[in-house]
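Biologist: Hi, could you walk me through this one? I'd like to go over it piece by piece.

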Amino acid sequence: MNYQEKYNHSINNKEQFWAEQADKIAWFKKPETILSQDENGFYRWFEGGKLNTAYLALDYHVENGRGEQNALIYDSPATNSIKKYTFRELRDEVAKLAGGLKSLGVEKGDTVVIYMPMVSEAAMAMLACARLGAIHSVVFGGFAPSELAIRIDDAKPKVIISASCGIEFDKVIPYKPLLDDAIEKAIFKPKYTIILQRPQSVATMIEGRDIDFIDLQNNSQSADCVEVDATDPLYILYTSGTTGKPKGIVRDNGGHAVAMHYSMQDIYNVKPGNVFWTASDVGWVVGHSYIIYAPLIYGCTTILFEGKPIRTPDAGTFWRVIEEHKVDCFFTAPTAFRAIRKEDPEANLMKKYDLSSLKSIFVAGERCDPSTLEWLQNISNLPVIDHWWQTESGWGMVSNMMGVEEFPVKMGSATKPVCGFELKILNEAGEEVKTNEEGFICVKLPMAPGSLPTLWNDNERFKASYLTTFEGYYLTGDGGYIDEDGYVYVMGRVDDVINVAGHRLSTGSMEEIIASHPAVAECAVVGISDDLRGQRPVGFVILKDGQNIDEINLENQTITLIRDKIGAVAFYRNTILVKRLPKTRSGKILRKVIRQLADGEQFTVPSTIDDPLILEEIKHYLRERKVGKVV
Ligand code: COA
Ligand code: AMP
């Protein structure tokens, strides 16, 4: 079947299409229904099916002849070490850790928060939860204690699994004090924490609460896989929305397993036994899906890389890993390649390595600028596939489906809708726009399996955020258009979400934090373009009457506030004092216009603007502070 036939089949015969895909995984009990709606009217896949995701990822392969194949290669330039686990070894480690969790009272349906750096034990922790039917919620290590506390309060974990420290380039970041601080800040208190002691910074343990990870694992009876329903949650992953409170994206077991398996075949075009490497972090959805679950469920060897694209030790590190582990398929964020390109524009370091195993490079997580894509194509001579997805979908919604039919790449486009996702571009009135016309990117319901069934403990927010703007559609939050050949162009978020080095952050939550400064009357945070990170946040602040704090002091204080409350990853560097902010006549701040001004883009001044002169003032401040690309 060519792409069009397969895609049409996936849309016109949804249940048949996904029943065929579901047949490819090892259910304990096959589903009775393929597609149904629950009591809230939300779509559910594979109701009645029974399975265990950790079984699919590990035990199944041991039972079917892959026991001695490497399942996971931990490659850590940060610690100068490499460690390999076969499927049998990883299963055994996971089963013991699951036994340890069980001995602490963790059962099916309980939640466990995981706050860990990129170490093998993070993968074990996720899989151990899955083995017990417990629901993990991984929190990215770059988040500050306040963000972790918000997630603890929402997920209410019985246990938190963490490590004594993470390593960022050559900087050791003690995690344990951050964890202690987060638990202190949270209203909900977990009974136990399990701490992986790393030699780079050994943590002080709290008697009766903190348990040593390795001791627990080594001294526990192995636990078996617990049967769960296809519709039971596998994990919660918090992601930035438009306000300070993150959204708890729920991922189910059945739909997710089927989607992960399917994507390896039809999007990434790999075979079981291949080596699949995603350079991301387990704290993000890309890490969940393509460092852990998809490669393992599909029987690939996965690489868990604790390092950076540059300076660990140099900009050739990715190419070294690809040669050393004979990587077949590589996936990372465009930012990583921008960083490499900056340090090694001629790709001289690449020439030192044999990359003959590599068949394709995939990028996602943020918009891939054509210049980076072109550079990568030229230096690698390989298909470079930009694909578009979100934490909510859990896997690609638009891609060049390399296992179905390879299309010529068009710069700036992630190519075509993935089977199972019926994409439409709608205007404000909910009507489909014409070819090449920009609008809201929406997915006609039901979304493909693996996509979020709801938000954790918040069905109403799920409806309000995604389902009610356009009846019958899921609102992605991205804007874009489809061209005459059916190629999809994602132009960026239409809400207050920004993407900093592939990290999804909310400008709304930054505004809440800056507004908490006693001198601030009003503020707007916008994501301006950044050559390395894609975007970075900049704050525009109006002071309260009578306040005379100088700009640099305010800037330093707000930088500290954002660092303390969100984390260093926000990469907040500039606060600009202004007298007025551009607004509509009804008082809505025109953030998009400020961004366009800062980026030096051409734009039409909105007819709803209260006073167009304010734009000149903003330009003046930006020029004075040398922020952005004002023309
Ligand atoms: N734990 C703790 N702190 C972290 C962190 C983590 N996991 N990740 C980032 N940070 C900190 C950094 O140490 C830095 O702190 P600093 O301001 O004290 O120096 C800050 O957050 C900003 O980080 P970043 O924007 O990543 O800048 P950088 O200079 O450290 O690294 C790159 C730049 C391009 C090398 C890095 O962003 C990168 O590897 N990007 C790829 C992105 C990626 O894989 N995204 C995954 C999504 S698919
Ligand atoms: P996250 O949920 O962290 O994966 O972030 C999802 C958001 O990142 C999307 O809504 C897009 O705005 C952006 N994004 C991800 N992949 C791409 C891509 N290939 N092209 C453009 N934007 C992307």
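Predicted model: local features only at pLDDT ≥ 70, side-chain atom pairs only at ≥ 80, totals over all residues.

Biologist: Thanks! How many salt bridges does the count come to?

Modeller: The count is 42 salt bridges, where a salt bridge is a side-chain nitrogen of Lys or Arg within 4 Å of a carboxyl oxygen of Asp or Glu. In general, side chains of opposite charge can pair when their charged atoms come close.

Biologist: Which residue does aspartate 59 meet in a salt bridge?

Modeller: Aspartate 59 meets arginine 131, at 2.8 Å from N to O. The pair links distant parts of the chain, 72 residues apart: aspartate 59 sits in helix α3 (residues 53–63) and arginine 131 in helix α5 (residues 120–132). Helices here are DSSP runs of H or I with at least four residues, strands are runs of E with at least two, and both are numbered from the N terminus.

Biologist: Are aspartate 59 and arginine 131 buried or exposed?

Modeller: Both are buried. Buried means under 20% relative accessible area, exposed means over 50%, and partly exposed is in between, with a 1.4 Å probe and protein chains only. Arginine 536 and aspartate 530 are both buried too, and their salt bridge has its closest N and O atoms 3.8 Å apart.

Biologist: And what about lysine 30, why does it count as partly exposed?

Modeller: Lysine 30 counts as partly exposed because its relative accessibility is 48%. The side chain of lysine 30 meets that of aspartate 23 in a salt bridge, 2.7 Å from N to O.

Biologist: Which residues are linked in a network of salt bridges?

Modeller: Lys176, Asp180, Arg209 and Asp210 form such a network. Aspartate 210 also turns up in strand pairing, as the bridge partner of threonine 193 in β12.

Biologist: Ah, on to strands then. What does β11 pair with?

Modeller: Strand β8 (residues 159–163) runs parallel to β11 and is joined to it by five bridges; strands count as paired if DSSP finds at least two bridges between them. Serine 162 has isoleucine 195 in β11 as its bridge partner. Strand β12 (residues 210–212) also pairs with β11 in the parallel sense, over three bridges.

Biologist: Why is β11 largely enclosed by the rest of the structure?

Modeller: Four of the five residues of β11 (residues 192–196) are buried, so the strand is largely enclosed. Strand β14 (residues 233–239) is mostly covered, with six of its seven residues buried. Six bridges join β14 to strand β15 (residues 247–252) in the antiparallel sense, and proline 233 stands opposite aspartate 252 in β15.

Biologist: In what order do the four strands of the open sheet come?

Modeller: The order is β23-β24-β25-β26, with antiparallel pairing. The edge strands, β23 (422–426) and β26 (488–493), each pair on one side only. Strand β25 (residues 473–482) pairs with β26 over five bridges, and isoleucine 482 stands opposite valine 488 in β26.

Biologist: Switching topic: which residues of α11 are buried?

Modeller: They are Thr317, Phe318, Trp319, Arg320, Val321, Ile322 and His325. Helix α11 (residues 317–325) is largely enclosed by the rest of the structure because seven of its nine residues are buried. Lysine 326 follows α11, with a positive phi near 50 degrees.

Biologist: And where is phenylalanine 305?

Modeller: Phenylalanine 305 is in strand β17 (residues 301–305) and counts as buried at 4% relative accessibility. Phenylalanine 305 and isoleucine 73 are 232 residues apart in sequence and 8.2 Å apart in space, C-alpha to C-alpha.

Biologist: Last one: which residues lie nearest the centre of the second largest pocket?

Modeller: Gly41, Phe42, Tyr43, Leu445 and Leu467 do, out of 24 lining residues. On a 1 Å grid over the protein atoms alone, a pocket is an open set of points where a 1.4 Å probe fits, with protein on both sides within 12 Å along at least five of seven lines, and lining residues have an atom within 4 Å of a point. β2 (43–45) and α14 (459–467) each supply at least two residues of the lining.

Methods
Residues numbered from 1 in each chain as written. Chains lettered and ligands numbered in written order. Heavy atoms only, no water.
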